[in-house]
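Open the model in your viewer and keep the selection tool at hand. The tour goes stop by stop.

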Amino acid sequence: MMLQAKVAIVTGGAQGIGAAIVRRFVEEGARVAIADILVEKGEQLEQELTEQGHDVVFIRTDVSQTESVKAFVQSVIDRYGQIDILCNNAAVNIPGSVEELEEELWDKTINVNIKSQFLMSKYVLPHMRKQAKGAVINMASANSFVAEPRLAAYVASKGAIMQLTKAMALDCAPNIRVNCICPGWVDTTFNDAHAALYGGREKVLEGLANVQIIGRPIQPVEIANVAVFLASDLSSCMTGVPVLADGGITAGIA
Ligand SMILES: NC(=O)c1ccc[n+]([C@@H]2O[C@H](COP(=O)([O-])OP(=O)(O)OC[C@H]3O[C@@H](n4cnc5c(N)ncnc54)[C@H](O)[C@@H]3O)[C@@H](O)[C@H]2O)c1
C-alpha cells in the first residue's frame, strides 16, 4: 500500500489513462476524487469502486472553468479535509496544422490542456502548503519532446506542460514535488481523431511497432503505475522531472 490514507484528485479520471490511475490509486490505499465532464462514466466508476469498498467520489467538473474548479476543490476539502496528490490528467486531442485549426479549437486545446493545470494547481496548492507536503503529477506527452504532423495545438500544449512542471517545481520546493509523465502511444480512444487523418486507428497501429520500439501500444495501467511511483515516497528525491514512459518512441529514429 504505497498511498495509504492519502487523498488524491485525478482530473479526466472517468475513462482512459485517468480511470486507470484512479483504479491503481485506490488499490494502493488512496481516497480519490474524480473531476471530469463525463457524468455517466464518472458515476459508473464511482459506484463500481465504492461497491468494492474504496472511498471514491465523482464530481462533474469542467477543468477549464475557474468556478467549476474552485467548487470542485472546496467539495474535496469539505469531504476529506486534505489533499495529498493532484494528478492533472484531463486533456483533449484536436488534430490540425496551424492553417487547418479554427481559432476556437486552438483556444479549447490550450484551455483544457494547460489552463486547467494552472487552475487546479492554483486552488489545490494552498491546501498542500498547509500540510507542508504534496505531490503534483501533470500529464504531458512524448509530444513534449517531439512534434507530430497536423497536431499543432496539442503538441504546443504538451510542450508547455513540461515547462510549467519545472516552473511549479521551483516555486513549490522543498516540500511539494511536481513532476510530469510523458507517455508514448497509449491504447485509448484519445488518438482516434488524429489517426483518422492517416487511414484510421488500425492502420496507425500497424505502423506503430516501427516507431514505438517496445513493438506495441502502451496500456493505460502502465502509465498508472508510473503515476503511483510519482505520487508515493518511492520518488521522494524527484521534482521538476519529465518522466518519459513512451515505449521508446523518442529513443531515436527507428
Ligand atoms: N492516449 C495517448 O496515446 C496519450 C499519449 C500521451 C499523453 N496522453 C495524455 O494522457 C491524458 C489522458 O489521455 P487518455 O488517452 O486517457 O484520453 P481520454 O480521452 O480517454 O481521457 C481524457 C479525459 O479527460 C476528460 N476531459 C476532457 N475535457 C475535460 C474538461 N474540460 N474537464 C474535465 N475533464 C475533461 C475526458 O472526458 C476524458 O475522461 C491526457 O493528458 C493526454 O494528453 C495520452
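Contact here means heavy atoms within 4.5 Å. The model is predicted.

**Stop 1: α1 against α8**

Select residues 16-27 for helix α1 and residues 220-231 for helix α8. Their axes come within 8 Å and cross at roughly 55°. That angle makes α1 oblique to α8. Look at the handedness next: this crossing is right-handed.

Now show the side chains. On the α1 side, pick Gly16, Ile17, Ala20, Ile21, Arg24 and Phe25. On the α8 side, the partners are Pro220, Val221, Ile223, Ala224, Asn225, Ala227, Val228 and Ala231. Colour this set by type: eleven residues are nonpolar, two are polar and one is charged.

**Stop 2: α1 against α2**

The crossing of α1 past α2 is right-handed.

Select Ala19, Val22, Arg23 and Val26 in α1. They meet Leu45, Glu48 and Leu49 in α2. By type, this contact holds five nonpolar residues, no polar ones and two charged ones.

**Stop 3: the nonpolar cores**

In soluble globular proteins, nonpolar side chains tend to be buried together. Which residues touch the most other members of the largest nonpolar core? Select Ile21, Phe25, Val32, Ile137, Ile181 and Ile223. The core itself has 33 residues. Ile21 and Phe25 also belong to the α1 side of the contact with α8, and Ile223 sits on the α8 side.

Centre on Ile137. Leave out its neighbours within four places in sequence, then list its contacts. They are Phe25, Ile85, Leu86, Cys87, Asn88, Asn179, Ile181, Ala227, Leu230 and Ala231.

Now move to a second, separate core of 26 residues. Among its members, select Val69, Phe72, Ala90 and Leu125.

**Stop 4: Lys70**

Select residues 66-80, helix α3, and find Lys70 within that helix. Is Lys70 buried, partly exposed or exposed? Its relative accessibility is 37%, so Lys70 counts as partly exposed.

Finish with a distance. Pick the C-alpha atoms of Lys70 and Val124: they are 9.0 Å apart in space. Along the sequence, Lys70 and Val124 are 54 residues apart.

Note on methods
Residues are numbered from 1 along each chain as its sequence is written. This is a predicted model: local features need pLDDT of at least 70, side-chain atom pairs count only at pLDDT 80 or more; totals for chains, interfaces and linings use all residues. Side-chain values use heavy atoms; hydrogens and water are left out. A nonpolar core is a set of buried Ala, Val, Leu, Ile, Met, Phe, Trp, Tyr and Cys residues joined through side-chain atoms within 4.5 Å. Buried means under 20% relative accessible area, exposed over 50%, partly exposed in between (1.4 Å probe, protein chains only). Axes are lines fitted to C-alpha atoms, for helices over the stretch in contact, and angles run from 0 to 180 degrees between N-to-C directions. Helices (H or I, at least four residues) and strands (E, at least two) are DSSP runs, numbered from the N terminus. Angles under 35 degrees count as roughly parallel, over 145 as roughly antiparallel, 65 to 115 as roughly perpendicular and the rest as oblique. A crossing is left-handed if the near helix is turned anticlockwise from the far one by less than a right angle, and right-handed if clockwise. Ala, Val, Leu, Ile, Met, Phe, Trp, Tyr, Cys and Pro count as nonpolar, Asp, Glu, Lys and Arg as charged, and the others, Gly among them, as polar.
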